[in-house]
Amino acid sequence: MTARRWEWAFWIAAIAVPFLFPGKRLLINEIAILALFALSLDLLLGYAGIVSLGHAAFFGVGAYAAGLLAKHGLTEPVAGLLLASGAAAVVGFLSSFLVLRGSDLTRLMVTMGVALMLLEVANRFDGVTGGADGLQGVTMGPVLGLFRFDLFGRTACAYSLATLLVLFLIARRIVRSPFGLSLRAVKGNRLRAAAVGVPADARLVAIYTIAAAYAGAAGALLAQTTQFVSLDVLDFHRSADVLLVLVLGGSGYLYGGLIGAAIFKLMQDWLAALTPQYWQFWIGLVLVLVVLAGRERLSATAARLWARLARRPAREPPA
Amino acid sequence: MLTILFDGLAYGMILFVLACGLAVTLGLMNFINLAHGAFAMAGGYITVLLMGRLGVPFLWCLPIAFLATALAGAALERTLYVHLYSRPHLDHVLFTIGLVLMAVAAVDYFLGAQQQIIRLPAALQGRIEVLGISIGIYRLFVIAVCGALVVVLQSILAFTRFGSRLRAAVDDPRVARGLGIDVNTVFALTFAVGSGLAGLGGALGAEILGLDPTFPLKFMIYFLIVVTVGGTTSITGPFLASILLGVADVAGKYYLPKLGAFVIYALMVGVLLWRPHGLFTHRGAR
């Protein structure tokens, strides 16, 4: 479980960037949050092979949970984060039984349906969630009682990056464990996995719950650092965006979501500055081209690169 | 009460015309085409532009909308979609979402984000009273047109050689190929007609559903509900599902204005859990 040399480089770069570009801290904060969200989808799609068009459901639950906790007294961010992530995990656990059955299409529809239902619920109970106006009056205390949130996103950025790092390390531990390997077996061939004694359904429920907790943590980060929650967190386009992020970065290895998030946000930032209203066109074009060029080929290239980088320090048995 | 039922019926009919092409493409090639709504939007905008800029009468716009979108569908199918059939479902979803995003932004760029209004001919405006029920003439017209379409489609499917080829290809493409049926051509034709129908539905529905650049995203979920609930092996399945959805949606919006959509999504998830291949699929089809 030692970190490779280039992994150190990656994280040192990630930590250095906010200091190098102090004016871009809010953007970096958004990238970190999106990266965490994409990481959570990667656990689901890349490692367990579950397609989802409604991953925003858990992002939204986490965001609203964190926002509501902060609004009603619990202003400590870390505790709020844990609780919000737990709430998302509960919702994930309950809805995980819905994706066990059926084909890819059924799963797409069911996950999308769950997210849309939550959106309607959040819209309906506007007394609690603020409805279309968004949840206002969220005030956060200092992180761990030490670091106050400021206007320039210094604390927000550090807080999000730290959370991302911690959760990334946990995810790395998860996918390299026997549990993670059995997930890949289920992804490869569910029937054979079951035949060699992997309880496929239980594994899928577990990873769905974990992924939901991760997405909830990402949502909570967004709610806490922007101190605002709107219905937008549950919107369909958020589920579609995170899928695109994962495609850009490549699924099936943990850095895919992180790299994809950086590419996506930088591209969005750049395009939005160029054509404020029509950046979605270019995002769509990228998506079309990526698929036509062959998503598999892209991720295969990424995987080769990954393998080469991973081999370099060598002198230890492959994980 | 009956007025709601009637409005729901008209709404459901339009949904069917919009979604039946999707049902067939999904059933035939197992291709998830989320961009189906973009064709419908194209039909709607063609009508708006023809009427507004060139003064073409509304009734002439309908066949033009059908033909134009059918041609566009055929062109896209031959150039782009054809490469993707053998790919995993995720690729279909990503590719077609990309197309939708492009279509939405392009329409927004060229024609603006505002709601488009179609001025109906005077003969189709207004309401009449039949047996104490107030009925919109345009809705009656829509029901008549869509009803005729359903009959035509169903008889093509049931009585023509093309129809039997199509049914064979839907049931089992591999065996159909083995019997000498040119499944690819059948599929290209069906795709074109399905896109054309979507365009026609968009033109007809612009008055009832509204038309703005976000149309494909807004109604994508409805098409998918029709298809997944109705099943993809017949035309009657999606037809019944659309009517059900249309009536449920109109009634839901009327009686439970804030929970209407929730009820529909909940129903959909429920149906999918109960029968993952749709409500109206016959046994052993898949």
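# A walk through the two chains

Met1(B) sits in the segment before α1 (2–29) of chain B. This is a predicted model. Met1(B) counts as exposed because its relative accessibility is 65%, and the cut-off for exposed is over 50%. Met1(B) also belongs to a nonpolar patch on the surface. Two helices of chain B, α10 (236–255) and α11 (260–274), each supply at least two residues of the patch.

Now take chain B as a whole. Chain B has 11 helices and two strands. Read from the N terminus, its elements run α-α-α-α-β-β-α-α-α-α-α-α-α. Of its 286 residues, 57% are buried. Among contacts in chain B with a separation of 6 or more, 77% join residues 24 or more positions apart. The accessible surface of chain B is about 12,200 Å². Carbon and sulfur atoms hold 68% of that surface.

The annotations come next. An unreviewed UniProt entry places the feature "transmembrane region" at residues 9–28, 58–81, 93–111, 131–157, 186–209, 221–248 and 254–274 of chain B. Two of these spans can be checked against the model. Residues 93–111 of chain B are 100% helix and 0% strand, with end C-alpha atoms 27 Å apart. Residues 186–209 of chain B are also 100% helix and 0% strand, and here the end C-alpha atoms lie 31 Å apart.

Chain A carries the annotation "transmembrane region" too, again from an unreviewed UniProt entry. The record lists residues 6–21, 33–66, 78–100, 156–175, 205–223, 243–266 and 278–294 of chain A. In the model, residues 6–21 of chain A are 94% helix and 0% strand, and their end C-alpha atoms are 22 Å apart. Residues 278–294 of chain A are 88% helix and 0% strand, with end C-alpha atoms 25 Å apart.

What lies inside? The largest nonpolar core has 208 residues. Leu36(A), Leu53(A), Tyr81(B), Ile97(B) and Ile225(B) touch the most other members. The element that gives the most to this core is α2(A), with 17 residues. Consider Tyr81(B). Leaving aside neighbours within four places in sequence, Tyr81(B) is in contact with residues including Phe31(B), Phe39(B), Phe95(B) and Phe191(B). Asn33(B) and Thr96(B) are also among its contacts.

Leu217(B) is in helix α9 (residues 215–230) of chain B. Leu217(B) and Ile97(B) are 120 residues apart in sequence, yet 9.0 Å apart in space, C-alpha to C-alpha. Leaving aside neighbours within four places in sequence, Leu217(B) is in contact with Phe236(A) and Val100(B). Leu217(B) is partly exposed, with a relative accessible area of 30%.

Asn29(A) counts as buried because its relative accessibility is 4%, against a cut-off of under 20%. Beyond its neighbours within four places in sequence, Asn29(A) is in contact with Ala156(A), Cys157(A), Ser160(A) and Thr225(A). Leu34(A) lies in helix α2 of chain A as well. Leu34(A) is buried, at 11% relative accessible area. Leu34(A) is 130 residues from Leu164(A) in sequence and 9.8 Å from it in space, C-alpha to C-alpha.

Lys265(A) leads on to the charged pairs. Side chains of opposite charge can pair when their charged atoms come close. The count is five salt bridges over all chains. In one of them, Lys265(A) pairs with Glu30(A), and the closest N and O atoms are 3.0 Å apart. Lys265(A) lies in helix α12 (residues 255–274) of chain A and Glu30(A) in helix α2 of chain A, so the pair ties together parts that are 235 residues apart in sequence. Lys265(A) is buried at 13% relative accessibility, whereas Glu30(A) is partly exposed at 34%.

A salt bridge also joins Arg238(A) and Asp232(A), at 2.9 Å from N to O. Arg238(A) is buried at 17% relative accessibility, while Asp232(A) is partly exposed at 32%. In chain B, the side chains of Asp7(B) and Arg139(B) form a salt bridge at 3.3 Å, N to O. Asp7(B) lies in helix α1 of chain B and Arg139(B) in helix α5 (residues 137–159), so this pair ties together parts 132 residues apart in sequence.

Key
Residues are numbered from 1 along each chain as its sequence is written. Chains are lettered from A and ligands numbered from 1 in the order in which they are written. This is a predicted model: local features need pLDDT of at least 70, side-chain atom pairs count only at pLDDT 80 or more; totals for chains, interfaces and linings use all residues. Side-chain values use heavy atoms; hydrogens and water are left out. Buried means under 20% relative accessible area, exposed over 50%, partly exposed in between (1.4 Å probe, protein chains only). Contact means heavy atoms within 4.5 Å. Helices (H or I, at least four residues) and strands (E, at least two) are DSSP runs, numbered from the N terminus. Accessible areas come from the Shrake-Rupley method with a 1.4 Å probe; for residues, only the protein chains shown count as cover. UniProt positions are given in the numbering used here, feature names are shortened, and annotations may be inferred rather than shown by experiment. A nonpolar core is a set of buried Ala, Val, Leu, Ile, Met, Phe, Trp, Tyr and Cys residues joined through side-chain atoms within 4.5 Å. Patches are made of residues with over 30% relative accessible area and no salt bridge: like charges are joined within 9 Å, nonpolar side chains (Val, Leu, Ile, Met, Phe, Trp, Tyr) within 5 Å. A salt bridge is a side-chain nitrogen of Lys or Arg within 4 Å of a carboxyl oxygen of Asp or Glu.
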